[in-house]
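Here's a quick briefing on the fold, for someone who likes cut-offs spelled out.

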Amino acid sequence: MNDIVLNGVSKSFGEKRVLERFSHTFPGGKITVIGGASGRGKTTLLNLIAGLMKPDGGEIGGVPEKIAFVFQEDRLCEEFGALGNLRLVCGRTKTKEELLSHLRELSLADEPKKKVGEFSGGMKRRVAIARAICFDADCVLLDEPFKGLDEALKKDVMDYVLRHTAGKTVLCVTHDPAEAEYLGAEIVRID
């Protein structure tokens, strides 16, 4: 698994400089947590790595071709059920039973066809996480993935992520140091 290497990466939005010559090597096959105060460029950094934005300067290398992303917003198809949302990203590469297994691990198996638009915020979050995991990418980008989950459920969801991302490159934005510790991640601060 290749390292993801950022060398002197900068990004501005109009007059606002969000990243200024940021350099870091994110080790391949490991979990790295990206922390820092709000507005410091953590989400922008993930978007740059994913290729959703272009940097104003600097270079980004080593990014795997297949990336999964859990955005801050759930970005689900609200008219589809949980199963349908998973099927969208993996097509027929996984059986219905495999997908239901993922939903069971996240305590969502009783609701495979109920429209996700009717789900609670925590249920939607778990569907978004399952969708990214089921895509079976080499690199998983997680932007505040555990927000909105109560503490007991959060641990179960973090365990699910750890089980299904072993050996993959994971970059996780969080403001919670306890989450970083639980994930056993290296912490990179953007300040």
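Contact here means heavy atoms within 4.5 Å. Helices (H or I, at least four residues) and strands (E, at least two) are DSSP runs, numbered from the N terminus. This is a predicted model, so local features need pLDDT of at least 70 and side-chain atom pairs count only at pLDDT 80 or more, while totals for chains, interfaces and linings use all residues. Residues are numbered from 1 along each chain as its sequence is written, and side-chain values use heavy atoms, with hydrogens and water left out.

**Helix H5**
- H5 covers residues 151-165, 15 residues in all, and reaches 21 Å from its first C-alpha to its last. That is close to the 21 Å expected at 1.5 Å a residue (the expected span is 1.5 Å times one less than the number of residues).
- Its buried residues (under 20% relative accessible area; exposed is over 50%, partly exposed in between, 1.4 Å probe, protein chains only) include Leu-153, Val-157, Tyr-160 and Val-161.
- Lys-154 and Asp-159 are on that buried list too.
- The buried residues of H5 pack against helices H3 (96-105), H4 (121-134) and H6 (177-183), plus strands S6 (139-143) and S7 (169-173).
- Gly-167 follows H5 and has a positive phi, near 85 degrees.

**Nonpolar cores**
- A nonpolar core is a set of buried Ala, Val, Leu, Ile, Met, Phe, Trp, Tyr and Cys residues joined through side-chain atoms within 4.5 Å.
- The largest one has 39 residues, and Ile-129, Phe-146 and Leu-183 touch the most other members. H4 gives the most to this core, with eight residues.
- Skipping neighbours within four places in sequence, Ile-129 is in contact with Val-70, Pro-145, Phe-146, Val-157, Tyr-160 and Val-161.

**The S2-S1-S4 sheet**
- Three strands form an open antiparallel sheet in the order S2-S1-S4 (two strands pair if DSSP finds at least two bridges between them).
- The edge strands, S2 (16-26) and S4 (57-61), each pair on one side only.
- S1 (residues 4-13) is joined to S2 by seven bridges, and Ser-12 has Arg-17 in S2 as its bridge partner.

**Positive phi outside glycine**
- Ser-107 has a positive phi near 55 degrees and is found in the loop between H3 and H4. Ser-107 is exposed, at 55% relative accessible area.
- Glu-144, in the loop between S6 and H5, also has a positive phi, of about 50 degrees.
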